[in-house]
Amino acid sequence: MLKNYLTVTLRVLRKHPGYTGINVVGLAVGLACCLLILLFVQHERAFDAFHTNGDRLYRLNKVVTPQEGGTERHAISSGPMGPAMAADFPEVEATVRVLPWFDDVLMARDETTLKTPDLMLADANFFEVFDYDLVRGDPATVLEAPLSMVLTESTARYFFGDADPIGQTVRGLNHLDYAVTGITADAPAHSHLRYDAIISWSSTGPGEGTLNFGWLNNWFPQAIYTYVLLTPDAPPAALEAKLGGFMEQYFPQRAEQYHLYLQPFTDIYLGSSDLLHNERIRQGNRLYVYVFSIIAVLILAIACINFMNLVTARATRRAKEVGVRKVVGARRAQLAAQFFSEAVFTTVAALLLALGLVEIARPALSAFTGKALSLEVLSTPWLLAALVGLPMLVALVAGAYPALVLSGFRPVRVLKGQVSDPSGSLALRRVLVTTQFVISIVLIAGTLIVYRQMAFLQDQNLGFSGEQVMVLPTGSTAIAQQFEAFKAEVLQHPAITDAAGSNSVPGRSMMGFELNAEGKSDDETWTVVALRVDDFDLLNTLGMDLVDGRYFSADFPSDSTEAIVINEAMARMLGWTEPVGMALDLRGETEGARVIGVLKDYHYESLHHAIDPLAIYVAPRGENLSVRITGNDIPGTLDYLEATWARFDPAYPFEYSFLDESFAAQYTNEQRLMQTLTLFAALAILIACLGLFGLAAFTAERRTKEIGVRKVLGASVGGIVLLLSKDFARL
């Protein structure tokens, strides 16, 4: 019997190759799009799922209520918070402090150097709490001693080749030598924490020969990530309820402003898009996962609608076949099974073609998204069940109409030609076609909205001129110690018009400080983002404008120690109508300073964020040099800069970026979203048009005699086209 079903199915499909092709290709493209999106969604959802204690791990975050009002959610905390929680709360089994370093660090061994983008500081129990694979070394001791370091396998191989790295030294952060105490596997692709090398937290303590980062072990600076491992069955809500009293006891200065809470570890990757100060770690966006999941469903719906439309539309064309089969003794159940088998065979063929399309498109999608997408995720039981079950469901739904309706036709009426579309079938097709149009319009509209948002981001006046401005990161190089000499040498080139040093540039993060402001009481806590400049030239180099007062000048020697420039947002925050001359100090940074000028607001962060209060003061550190060029001879200018760089620091590789390009890179996710939406919207429209083409062709075939009569009576080709198209146009 099964062989007979298969034989008849192949005969029917070969008899109508056009409709078979449209059915199989349309459904295959829809399934392929759905599977590709499913690979992306599963990749995003798989982050941090490999930790044994993942259900007991949390990150300590906080909701901040600034003095100026509003609320912000921060991912960072202060160094002493974790150890104090571990000592005070029995629910806390352990805490781990982690600090991904702010900048790239040049590591060196003899003459071998490596620029490390992912250097991390971590507590001694890092490998005991997390399930990162420590290949060599004792998890309890590898990060215990000051100036000890764990390297990844790839980093160790780069420096030592096949030699044993344990006990060897590598020069790293702050130009200190670190002893290699362990080797770990490279950071997993599905981990939000990235690292090439890990330095022991004990290296930050005070003492000769150590990093001596006292600020990391102080309550006020907020810069690190604190992870909390709860004891089994300890409810996180109960611990969160105690954190208010914890702040009152240890950090009363911020008890009213900082509301601590626990973020589930497995939620960090997708659930941190609205958090501030969440840099240097991998993060996704749950909204994008939802959007793409919806798109997958919509595209698959269009493909299924096509399949159902064509199957139901052609069903009555096989009425005579049903009648003949019944006359020769076929039972209704056998006819129903035949129609179901045809639908199943078509969907299986479409599924196999879809898997081939997925394998062809997967490398391109992986390169585009920057994620290693693999078909291995389809081995997950529920995904495998969905992969098999979904096409079968489509086959059952699409095959139900001919199986249940046609198999019930009376043979006498069928053979006399007294059969037409059963009531409701035409209405059903109209509903399905209209649904296709609605879905296509929604996808087109969504794409246009994202496109207009991107156009807005790109056309917005940022308040500074980033075109033809190059940024040279000098903070980790020997150039930082001879910054003024390097800058003077750079300005010798005729194509370089301006140069300025600063600790940050637009598009990069800046540190925040508390401030003492004239007219504000000591009980009030105000915070502000601060920009440190090395000289007096940033205003001209970046093309920014003043709205009041003046900028730093060499004509006023006190500007180097007692002057601050603020932006308009800060003047509004403090309620100053005449800010020039007002006393303002950044705690721990300036003393006896006064405001000398007010800078017109500019976007130092992406347009995702409002312009926050900003203070600028002089504190030479030699971290970045911004260089404005004329653009007349960019290759020659680059050659000159590279040669000058090599004279001042031959060990560190020459690097640069164009400010406008690096600022625009903040919108990479939106660019990818727009391009992906455009691609899938186009595919959805293509699939819909493919189905409508098949339906229109079938309609024309059924009305062949009518069309012939109309043409004999003088109807034009345009009139015939209008006749066949008006029903679809109305829908």
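This is a predicted model: local features need pLDDT of at least 70, side-chain atom pairs count only at pLDDT 80 or more; totals for chains, interfaces and linings use all residues.
Reader: What makes Leu-357 count as buried, partly exposed or exposed?

Author: The relative accessibility of Leu-357 is 32%, and since buried means under 20% and exposed means over 50%, with partly exposed in between, Leu-357 counts as partly exposed.

Reader: What is Ile-299 called by the same cut-offs, buried or exposed?

Author: Ile-299, which is found in helix α7 (residues 286-315), has a relative accessible area of 0%, and because the limit for buried is under 20%, Ile-299 is called buried. The C-alpha atom of Ile-299 is separated by 7.9 Å from that of Phe-680, although these two residues are 381 residues apart along the chain.

Reader: How do you know whether the span of helix α17 agrees with its number of residues?

Author: Helix α17 (residues 634-648) has 15 residues, and at 1.5 Å a residue they should span 21 Å, where the rule is to multiply 1.5 Å by one less than the number of residues. The end C-alpha atoms of α17 are 21 Å apart, so the two values agree.

Reader: Where around the axis of α17 do its buried residues lie?

Author: The buried residues are Thr-637, Leu-638, Leu-641, Thr-644, Trp-645 and Phe-648. They cover an arc of only 130 degrees around the axis, and therefore they are on the same side of α17. On the other side of α17, the exposed residues are Pro-635, Asp-639 and Arg-647.

Reader: Why is strand β8 described as largely enclosed by the rest of the structure?

Author: In strand β8 (residues 148-152), five of the five residues are buried, so the strand is largely enclosed. In a regular strand, the side chains alternate between the two faces of the sheet. For β8 both faces are covered, with Ser-148, Val-150 and Thr-152 buried on one side and Met-149 and Leu-151 buried on the other.

Reader: Which strands pair with β8, and in what sense, parallel or antiparallel?

Author: β8 and strand β10 (residues 177-184) run parallel and are joined by five bridges, with Val-150 opposite Gly-182. With strand β11 (residues 197-200), β8 pairs in the antiparallel sense over three bridges, and Ile-199 is the bridge partner of Met-149.

Reader: What makes the phi of Asp-233 worth a remark?

Author: Most residues other than glycine have a negative phi. Asp-233 is not a glycine, and yet its phi is positive, at about 70 degrees. This residue lies in the loop between β12 (225-230) and α6 (236-250), and its relative accessibility of 80% means that Asp-233 counts as exposed, the cut-off being over 50%.

Reader: What is the phi of Gln-468, and how accessible is this residue?

Author: Gln-468 also has a positive phi, near 60 degrees, and it lies in the loop between α12 (425-459) and β14 (469-473). At 36% relative accessibility, however, Gln-468 counts as partly exposed.

Conventions
Residues are numbered from 1 along each chain as its sequence is written. Side-chain values use heavy atoms; hydrogens and water are left out. Buried means under 20% relative accessible area, exposed over 50%, partly exposed in between (1.4 Å probe, protein chains only). Helices (H or I, at least four residues) and strands (E, at least two) are DSSP runs, numbered from the N terminus. Two strands pair if DSSP finds at least two bridges between them. The arc is that of the directions from the helix axis to the C-beta atoms.
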